Amino acid sequence: MTLFAAMTLLLSSCLTTGLGTQSTNGSTGNVLGSVLGSVLTNVLFGGMTFDQSGLLGNWNYSAPSAAFTTEKALTKAGGNAVVANMASSLASNYSNIGINRNNTSFSFLDGNKFSAKVNGIPFSGTYAYNPQNGEITLKTATETIKGNVTKTEKGMGLMFDSVQMANILQKEGKVSNTAAVQAVSKLAKSANGARVGFELTK
């Protein structure tokens, strides 16, 4: 309780993240340990967003990522334990879909161009990024996808609301496992302000 209270006082007006340390066994204890560690590390580093240059490079899927857009939304949903459970559930569904480090990645390039693979399916386009609030917009040939970027202990969290995440998986990733996609989308709908997505590392 003391640790949670301290975290609550330190974090304001930015994404509060909870990240999985694995993508297969769904251990809530392991996930929760990463939640607390990554949040405190982000505070010590003085912020949770990248500048434009920090976003550049090739990023590979490492683990599931869950977040709430505001501290108030996190508290109302039930705190970090809820985020940890979301990340654990995401790990199971990503495993069912087949998402792994080898087939899911994002590359952000100079000139606001990006290329990506989700579930092994490539897509590309342009992006707009706001380092002040971590909001990112990906524009492909067929759609516009809005998400959130946050700095994590190991790299970057790239997260979306339920509709945008479903688009990433089904329209871009061509995921045929409808039940798994619906389960991921439902997690993002489970509480106001929830976001789900990927933790990415270089």
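Are Tyr61 and Phe198 buried or exposed? I looked, and both are buried. The model is a predicted one, and I kept that in mind for each entry below.

**Entry 1: the whole chain**

I began with the overall counts. The chain holds 7 helices and 9 strands. Of its 202 residues, 49% are buried. Residues 24 or more positions apart account for 66% of them.

**Entry 2: strand β9 and its partners**

I went to β9, which covers residues 194–201. The strand is mostly covered, with 7 of its 8 residues buried. Which strands pair with β9? I found β2, residues 57–68, in an antiparallel pairing with β9 over 8 bridges. In that pairing Pro64 stands opposite Phe198. I also found β8, residues 156–160, which runs antiparallel to β9 and is joined to it by 5 bridges. Here Met156 stands opposite Leu200 of β9.

**Entry 3: aromatic rings**

How many aromatic pairs are there? I count 8 aromatic pairs. One of them is Tyr61 with Tyr94, an edge-to-face pair. Their ring centres lie 5.9 Å apart, and the planes make an angle of 75 degrees. This pair links distant parts of the chain. Tyr61 sits in strand β2, while Tyr94 sits in helix α5 (residues 80–97), and 33 residues separate them.

I checked the burial of each partner. Tyr61 has 2% relative accessibility, so it counts as buried. Tyr94 is buried too, because its relative accessible area is 0%.

Tyr61 also forms an edge-to-face pair with Phe198. The centres are 5.9 Å apart and the planes stand at 90 degrees. This pair, too, links distant parts of the chain: Tyr61 is in β2 and Phe198 is in β9, 137 residues apart. I noted that Phe198 is the residue opposite Pro64 from the previous entry.

**Entry 4: Thr140**

Where is Thr140? I located it in the loop between β6 (135–139) and β7 (144–151). Is Thr140 buried or exposed? It counts as buried, because its relative accessibility is 15% and the cut-off for buried is under 20%. I listed its contacts, leaving aside neighbours within four places in sequence. Thr140 is in contact with Phe114, Phe123, Ser124 and Glu172.

**Entry 5: helix α6**

Which residues of α6 are buried? I wrote down Ser162, Gln164, Met165, Ala166, Asn167, Ile168, Leu169 and Glu172.

I looked at both ends of α6. At the start, a side-chain oxygen of Asp161 comes within 3.2 Å of the backbone nitrogen of Val163. After the helix comes Lys174, with a positive phi near 55 degrees.

Key. Residues are numbered from 1 along each chain as its sequence is written. This is a predicted model: local features need pLDDT of at least 70, side-chain atom pairs count only at pLDDT 80 or more; totals for chains, interfaces and linings use all residues. Side-chain values use heavy atoms; hydrogens and water are left out. Helices (H or I, at least four residues) and strands (E, at least two) are DSSP runs, numbered from the N terminus. Buried means under 20% relative accessible area, exposed over 50%, partly exposed in between (1.4 Å probe, protein chains only). Contact means heavy atoms within 4.5 Å. Two strands pair if DSSP finds at least two bridges between them. Rings of Phe, Tyr and Trp (its six-membered ring) pair if their centres lie within 6.5 Å; planes under 30 degrees apart count as stacked, over 60 as edge-to-face and the rest as tilted. A polar contact is a pair of N or O atoms within 3.5 Å; within protein, one must be able to donate a hydrogen and the other to accept it, and residues adjacent in sequence count only if both atoms are side-chain atoms.
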